[in-house]
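Subject: Structure for you to look at

Hello,

Here is the structure I said I would pass on. Please open it first and then read my notes below.

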Amino acid sequence: MFTLDHDVQNRTDKNLAKYSLIEQFARTHGIDFYPAGRGIGHQVLVEEAYAFPYTLTVASDSHSNMYGGVGCVGTPIVRTDAAALWATGKTWWQVPRMVNVELRGALRTGVSGKDVIVALCGSFNQDEVLNAAVEFTGEGVGLLTIDERLTVANMTTEWGALAGVFPVDEPLLEWYERALRALELRTFAESPGIPKPPRHPRINRERLDKLRVEKEKLASDPGVKYASHLVFDLDTLAPHVSGPNSVKISTPLPVLQEQKIPIQKAYLLSCTNSRVSDLTAAASVLRQDGRGQIKKIAPGVEFYVAAASSVVQQESERLGDWDVLMRAGAKALPAGCGPCIGLGEGLLKEGETGISATNRNYKGRMGHPAARAYLASPAVVAASAVKGYICGPEDLNVTRVAGSPTFYSVEDTTAQEDRKLSMEATERVDESLLPDFPSYFSGSLLFAPQDNLNTDGIYPGKYTYQDDITLARQAEVVMENYDPGFAPLVASLRTRQERDSARVSHFDGELTSQGKTKAGVVLVSGYNFGTGSSREQAATALKAAGVPLVIAGSFGDIFKRNAINNGLVCVECPELVRDLTLVYAKEGKRGAGGKDGELTVDKGLEIGVSMKDGKVVVKNGLSGEENIYWVKPVGPSVQELWLCGGLEGYILKEIKAAEEQR
């Protein structure tokens with residue numbers, strides 16, 4: 001199915017023509033189509049039950065994890081993957097490890113599902129769930145509403161997980177029963193002589209009855225072993241706020257509220273927290289006036305509201321919540337993706353601070369890179385919009401809910417030993433190389449001493465929907481939100497390499513004699529590199545700039561998938577990241593730039609990486625000192641995609657071969 005939800009405020013002829021082409025394509029090929037204004041695709045997929053319990057549902061957006069809130073394995077693919085699926089009916093995955101996240105206890109009054117995931121991101125912030133499939137268990141799960149589960153599952157993306165799945169239980173089945181009843185009441189079908197409304201193709205009695213039968217059959221095996229087991233106590237959780245500019249930093253609201261941080265903008269929108277219950281929570285805060293009056297948004301604050309879908313807005317209007325929000329002074333935006341992805345009206349300006357009920361607060365994502373963004377629940381966002389600073393609702397007893405949550409990891413020695421043996425089994429294995437695949441990558445080494453360097457930092461969202469942008473232009477803006485000096489630096493190094501190509505080819509005679517060498521600039525960064533959105537340009541822009549290889553402590557899976565699909569080689573080397581951090585990062589820690597304050601460290605280092613045996617040689621051009629490291633080389637499937645220029649080239653090759661055989 002197609003949903004037009006990005007850039008919906010853009011009513012230029014060019015954008016409307018693009019929308020028209022998409023609709024024509026959908027109509028021609030029998031694809032379900034939902035126009036701009038119907039809502040955010042993730043919300044529509046849940047409302048219309050495309051995402052359904054015990055199914056696998058993919059979408060070309062990183063927040064496909066959200067479908068886990070309804071017991072559906074939701075995980076992202078990217079645009080090239082989607083095109084390949086249409087062309088061949090096939091795609092690929094690396095099977096992730098499974099992590100059990102046990103939620104114990106129950107939330108206290110004033111604490112929401114948004115607080116759960118914000119606190120999880122800040123509490124378990126050392127890649128505990130990176131690229132894993134998370135299964136939520138424990139008695140606390142059954143006490144979360146379905147809307148809260150959708151919020152939590154949605155932001156497992158920011159937590160680093162590949163999927164976050166809640167169980168199919170009685171509260172979920174009752175939720176679907178209410179949805180079915182609402183459909184049955186579309187007409188007076190129970191009156192004599194009036195035909196029943198059309199049967200919904202996905203929400204109907206037969207499908208729900210079958211779901212109840214499946215519920216008794218499908219479950220995790222008793223005694224199943226997980227890669228890890230994390231425990232989080234809901235009883236001890238206070239409202240939390242994420243930021244500024246990082247989901248890995250979360251602070252209990254009572255602590256942050258004391259600082260009275262002024263805000264200029266507030267946002268209640270996105271696929272994370274703009275469902276009916278979220279709008280109700282915000283409206284309830286605005287109704288809290290002893291004189292029966294609706295509270296007004298504070299002077300100097302702009303409060304932007306957009307429903308997750310047109311269906312949500314209609315229900316909110318029926319309940320009177322939408323009217324309360326508008327009378328308070330909120331500004332309505334169309335149902336779709338707007339400020340959350342840095343598009344349309346209401347973006348943060350330089351020096352401004354905003355608080356949002358969305359899912360990402362990365363530097364520059366919601367506006368200017370010099371702005372500050374915080375994330376919180378709808379109630380906290382509304383209360384902050386009224387007061388003009390970050391705070392909770394007046395009826396929230398912050399003393400009673402103060403304190404940090406209780407959380408810990410349950411160590412499984414057997415699982416640890418299995419992981420250790422697996423790692424040992426994969427060390428220093430020679431890899432067979434396909435003809436013409438480089439045996440060696442070499443060039444200048446640049447170090448970005450930063451963990452969680454996200455796709456907004458690598459490739460700003462404001463360029464993402466410029467369909468006619470060239471690769472040359474992508475190269476000019478790469479890493480702009482992280483370090484505006486990165487692209488010019490890479491360009492200067494590439495110019496020097498091309499002028500003195502002999503210097504590269506003689507970097508290490510022993511290794512380069514193995515075969516073909518791919519020269520360029522090698523980028524080294526910290527952990528969870530490429531976390532964030534599914535934009536493929538984060539990979540293509542680096543490659544276009546002259547970076548053929550990225551080395552990191554670890555990678556966000558969706559970036560790594562994009563890199564593989566577009567011919568950008570990625571390998572992990574925690575030891576190299578550790579040593580570069582100790583020598584070149586400020587105070588020996590990642591996150592504050594180099595020792596001289598630079599965001600990208602260039603100390604004249606040269607690097608060579610063998611794709612045959614994984615040997616990495618780092619040479620100091622001034623002292624001549626060499627250090628040796630090891631990585632796991634890429635396998636034949638990645639090599640083949642590289643040789644084809646990426647997945648698109650590979651698919652075209654497959655189609656051509658099939659046609660020749662006919």
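The notes below cover a sheet, some salt bridges and a surface patch.

Please keep in mind that this is a predicted model.

The sheet is open and has five strands in the order 7-6-5-8-16, with mixed pairing. Strand 7 (163-165) and strand 16 (406-410) are at its edges; each has a single partner strand, so one side of each has no neighbour in the sheet. On average, neighbouring strands are turned by 20 degrees against each other, direction ignored. Strand 5 (residues 98-104) and strand 6 (residues 133-137) run parallel and are joined by five bridges; V101 has F136 in strand 6 as its bridge partner. Helix 4 (residues 113-123) packs on this sheet and touches strand 6, strand 8 (228-233) and strand 16. The direction of helix 4 makes about 125 degrees with that of strand 8.

The salt bridge count is 33. One of them joins D81 to R561, with 2.7 Å between the closest N and O atoms. D81 lies in helix 3 (residues 79-88) and R561 in helix 22 (residues 557-565), 480 residues apart in the chain. D81 is buried at 0% relative accessibility, and R561 is buried at 3%.

Another salt bridge, between R27 and E23, has an N to O distance of 3.1 Å. These two are four residues apart in helix 1 (residues 13-29), which means about one helical turn separates them. R27 is exposed at 51% relative accessibility, while E23 is partly exposed at 32%.

Finally, L56, V73 and W93 make up a nonpolar surface patch with about 270 Å² of accessible area together.

Regards

Technical notes
Residues are numbered from 1 along each chain as its sequence is written. This is a predicted model: local features need pLDDT of at least 70, side-chain atom pairs count only at pLDDT 80 or more; totals for chains, interfaces and linings use all residues. Side-chain values use heavy atoms; hydrogens and water are left out. Patches are made of residues with over 30% relative accessible area and no salt bridge: like charges are joined within 9 Å, nonpolar side chains (Val, Leu, Ile, Met, Phe, Trp, Tyr) within 5 Å. Accessible areas come from the Shrake-Rupley method with a 1.4 Å probe; for residues, only the protein chains shown count as cover. A salt bridge is a side-chain nitrogen of Lys or Arg within 4 Å of a carboxyl oxygen of Asp or Glu. Two strands pair if DSSP finds at least two bridges between them. Axes are lines fitted to C-alpha atoms, for helices over the stretch in contact, and angles run from 0 to 180 degrees between N-to-C directions. Contact means heavy atoms within 4.5 Å. Buried means under 20% relative accessible area, exposed over 50%, partly exposed in between (1.4 Å probe, protein chains only).
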